[in-house]
Amino acid sequence: MSTLINPSTGAELDVSPASATLEEADAVIARAHDAFPAWRDVAPGERARLLRAFAALVDEHLEELAQLEVLNAGHTIGNARWEAGNVRDCLNYYSAAPERLFGRQIPVPGGTDVTFHEPLGVVGIIVPWNFPMPIAAWGFAPALAAGNTVVLKPAELTPLTAIRIGELAVEAGLPEGVLNVVPGKGSVVGERFVTHPLVRKVCFTGSTTVGKRIMAGCADQVKRVTLELGGKSANIVFADTDVAAAAASAPYAVFDNAGQDCCARSRILVQRSAYDEFVGRLETAVKALRVIDPADEQSEMGPMVSAGQRDSVQAYLDGASVAFTGSVPDGPGWWLPPTVVESSDTTEAVWREEVFGPVVAVMAFDDEDEAIALANDTEYGLSGSIFTSDVGRALRVARRVEAGNLSVNSHSAVRYWTPFGGYKQSGLGRELGPDAPNAFTEEKNVFIAH
Ligand code: NAD
């Protein structure tokens, strides 16, 4: 694997895990397949206990995992602690699933009919670099709970926390081969999850381009696939809202994780009569954002993950009408200031494309219909926010915005209790929420003649 870099300083890290070869990937998939029958047959209460032990060990190592993410991905320490805690919480939440993986008894003539949720076998999980810990856990926690074994490929840039979590699983008592972390290239290890017949489902989070390729590849074996892809989400601010509160919260909805967030509300739509007040207050809020060393407890935004990502974001700013920016620290590292662009042309790249960095475009609208039309004028449909004090309008607009995850008068992040996923080209299938374990099973129907 190429040398890992600390994004906030540009310094090389003194660890660089080896990239798995195709043969090594095959060997790990074989190991996961061998471990499957015994894991499937672990009594539900015992599988639950093992997942809770795993959660407790993650909790014990929360600070270590968080510090590792600050170093490897440049996440602020506050965020990184939340992310490690989210792994723990997902494991605890889904530890209740093995004992509640209910089928149904369906009334039929001539006998008794029952259904079972049976695990698929080996599940492949492909993770991007933007949220290495949570996105891994959203896949492996429900997959393991449902009785599958897992092969997990972290992103090339950010493998360290996944490797450590894999070690903690074994230390917690999960049998060898049940959760396997395989660092390596997307084109080698990731592709192998798609082509290997023993991998029965692929959960992919990443770019829409790669997601389409994976979906096409999975078609060959009618392999189950879940896709969590890009977004270009709208934050819709009506003039009847508390404009000061909406403006104060808007920066966190897009600049969190330096904008490298598929749910980033990277388009702000503001009703024209409140536009000037909103933009004025937004400027104050953006300038006050603490963009400093992510290891500092006060840090609210860190660097971009890599020089390449920073360059790709910067390219969107060429020719864009930048209204104002926040600050960045002096010195090395892949820093970019939080940047606000005023937009009036919906064909501009910065308005249409997923920038995946700390850039937000603001545009005025006149009425509810126009706000909805602008919000839906995108190939994506992942998330969004609606700010209004009119509850009827909140529900009307929420029902008409084509996106999987909306919040009213908040920018609620992904919550493990509720389903998460995208409309249109933002994805396929849902993760998290109470039904997630079922997505890692086949439903089997058995009829018993009387
Ligand atoms: P990416 O698609 O390049 O890579 C994601 C993962 O896929 C990495 O682990 C990579 O190694 C692997 N991969 C790459 N090519 C592959 C292939 N041919 N076959 C199998 N695996 C392959 O994306 P990225 O640059 O790591 O992440 C940024 C993108 O991910 C953004 O577009 C962002 O919107 C999206 N994203 C979406 C969500 C979501 O939940 N919807 C979450 C995070 C990131």
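At 40% relative accessibility, N409 counts as partly exposed in this predicted model, and the residue sits in the loop that runs between β14 (405-408) and β15 (427-428). Although N409 is not a glycine, its phi is positive, at about 55°.

A positive phi is also found at N257, again about 55° and again at a residue that is not a glycine. The loop that holds N257 lies between α9 (243-255) and β9 (267-271). With a relative accessible area of 6%, N257 is buried, because buried means under 20% relative accessible area.

Two packed helices are described by the angle between their axes and the distance between the axes. For helix α3 (residues 62-73) and helix α6 (residues 160-171), the angle is about 160° and the axes are 9 Å apart. That makes α3 roughly antiparallel to α6, because angles over 145 degrees count as roughly antiparallel. The crossing of these helices, α3 and α6, is right-handed.

On the α3 side, the residues that meet α6 are E64, L65, L68, E69 and N72, while α6 contributes L160, T161, R164, I165 and L168. Sorted by class, the contact of α3 with α6 comprises five nonpolar, two polar and three charged residues.

Methods: Residues numbered from 1 in each chain as written. Predicted model: local features only at pLDDT ≥ 70, side-chain atom pairs only at ≥ 80, totals over all residues. Heavy atoms only, no water. Axes fitted to C-alpha atoms, helices over the stretch in contact; angles between N-to-C directions. Helix = DSSP H or I, 4+ residues; strand = E, 2+ residues; numbered from the N terminus. Parallel < 35°, antiparallel > 145°, perpendicular 65-115°, else oblique. Left-handed = near helix turned anticlockwise from the far one by under 90°. Contact = heavy atoms within 4.5 Å. Nonpolar A, V, L, I, M, F, W, Y, C, P; charged D, E, K, R; others polar. Buried < 20%, exposed > 50% of the residue type's maximum accessible area, 1.4 Å probe, protein only.
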